[in-house]
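Me: Could you walk me through this structure, please? I am new to it and would like to take it step by step.

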Amino acid sequence: MPWYLYLALKQLFPTGRRFPFFTAISVLSVALGVALLVVVLGVMGGFGYQIRRMIVDTEGEIQIKARGLVADSRSVVKRVEAVPGVAGASPYAAGILMVQYQNKPAFPQMRGLDMASVERVVPLGKFVTAGSLDALDDDSVILSEGLAESLGVPIGGTLEIYTPLMLARKDLEVILPHSVRVVGVLRIGHQQLDSSTVYCTLRLAQDLYGLARDVHGLNVRLKPGANEDEVAARINAVLPPNIRAFSWMDSFADFLWILQLEKNMMMFVLLFVVLVAAFLTMSLLLVLVLKKTREIGLLGALGASRRQIALCFCLQGVGVGVVGTAAGLALGFTVLHFRNDLVHAITRLTGGQELLARFYQFSELPEHTEPRDLLVIVVAALVLSTLAGIIPAVMAGRLKPVEALRSE
Amino acid sequence: MSDAVLSARGLVKSFPSGDRRLEVLRGVDFEVGAGETVSIRGESGSGKSTLLHLLAGLDTPDAGTVAWSGSPDTGAARRATYLGFVFQSFYLIPELDALQNVLMAARILRPPGAADLARAKDLLSRVGLAERQRHLPAHLSGGERQRVAVARALMNSPRLLLADEPTGNLDEQTGAAIIDLLLGLSAETKTALVLVTHNLAHASRCTRQLRLHLGRFE
């Protein structure tokens, strides 16, 4: 190993001596910055991942929509299911309802499902926590868990449904609600959907919204490994021009862009923590250069070149970066591993567990770390730490040995 | 090509002092032969250390030349093998133990091998520190530190040893032991020695004694 690397390592991590203050503070500051980035981006990524998974779980990888309504959905389903890469397609009708149970109203989302095909796209059966999906018919509904709880309606209870269509009827006509039985409760695991959704048959939804046999769109599930964009293009080739297939990323492009923007902004802001750590490393290295002036003179007297002396100090910045980043990654992933225990402990102390679930729409703190994010964190920490070593290194390299020796 | 290990001709060196320049060396001629020991005495500020820095190639003269074995190349790369330097303040690297401090002189030239390690251990034995080679400088006495510095100066088998008041920070007895060591090793290894000292007794033990006064040898 070249002497400047050897001496840099020995000055950072001397054997048989107390851990130097400079090393401890510098490594700790970089580690905290990196750990903060890992934790925040991991949790932000987790939220994004959960939302993406929720979209794919409940809407399929491809959404088919028309300008207006989709007529003859059976024929569309047949054509779409014949496209390579498609595992199944299911038509749906969606909208907002007013429901009432014992004079307690709610305004949930409605999801009308084609019972013959829905399981090929969304595995709803496995989400049913009470009652049965098989019991769902044109006179019954399944409620999301949150809605059932807020209305206090039991399995077998009767719910009254009002639709916007009823408002459009003439003034003197009495608006009669549609009465349906509650045959099940469903919990998907996503707070947003579980809080307020009514699931009914496609036919009931079509009746409630006056759609006749038309539907609002189709959800398409792909075979494993199929590419959304490629399959969407293939589907568009077999559909009439007024009906278009979009990959879930295109359908929710604006929302996904906002999610990505939030994450990028968070990364940008938190990188300043690492930048501050790099400034701290630089100022400590500058102090070290002043402290080691006579040693720099000695190295010059022993025959070391200025470039080698500069490298010795620059490598200390790199060393702080490498060890600080490694420690930060370890700390960050440890915090991420115990994130829910930590959150539960904090919310137990503050009593905000329910609020957290309601506000963030997830009962557990999610985590998903993208390799790309990790790469950016590691590269940024290493580059900033190396840059932090450059100014002290230049200063050390510029010292003339004779002036350094005279400094006593 | 001169036979002298070190030769200097007409060395002039001045430093800025306020709005004028203070002339420290005023045309010094100097030569040291192989294996010769030369002492340089002089009052504080007489230019002894400045002369030593010029001879070591650590500083450049305003006028005059320095040559090692007749060659004007006194750059860092040649310095590592041609000369050893012993300082008043030892200048050991505090993070390295005695053995690694000695090895540092070789390490600057190349990653040290088994032969370098054996030589460093041998030198430490010869300066009487065989049992202290794993000790950090902070755990060594002043005399022991200077002995490590002497071993380090000899590590690359230099042709010339420059010692700048090597006993200045030591008590009389320890200082005398260091001078014994320097002269003994110089004779044993046929290394030329230039010893800068205030101490007349130490200076008189060298084969040639010089006195620097007002920037010139008397």
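**A sheet in chain B**

Reply: An open sheet of six strands in chain B, with mixed pairing, runs in the order β5-β6-β7-β3-β8-β9. Strands here are DSSP E runs of at least two residues, numbered from the N terminus, and two of them pair if DSSP finds at least two bridges between them. This is a predicted model, where local features need pLDDT of at least 70, side-chain atom pairs count only at pLDDT 80 or more, and totals for chains, interfaces and linings use all residues. Residues are numbered from 1 along each chain as written, chains are lettered from A and ligands numbered from 1 in the order written, and side-chain values use heavy atoms, leaving out hydrogens and water.

Me: In β7(B), what is the bridge partner of Val38(B)?

Reply: Strand β3 (residues 37-42) of chain B runs parallel to β7 (residues 192-196) of chain B, and four bridges join them. In β7(B), Val38(B) has as its bridge partner Val194(B).

Me: How much of chain A counts as buried?

Reply: Buried means under 20% relative accessible area, with a 1.4 Å probe and protein chains only. Of the 408 residues of chain A, the buried share is 48%.

How values were computed:
Buried means under 20% relative accessible area, exposed over 50%, partly exposed in between (1.4 Å probe, protein chains only).
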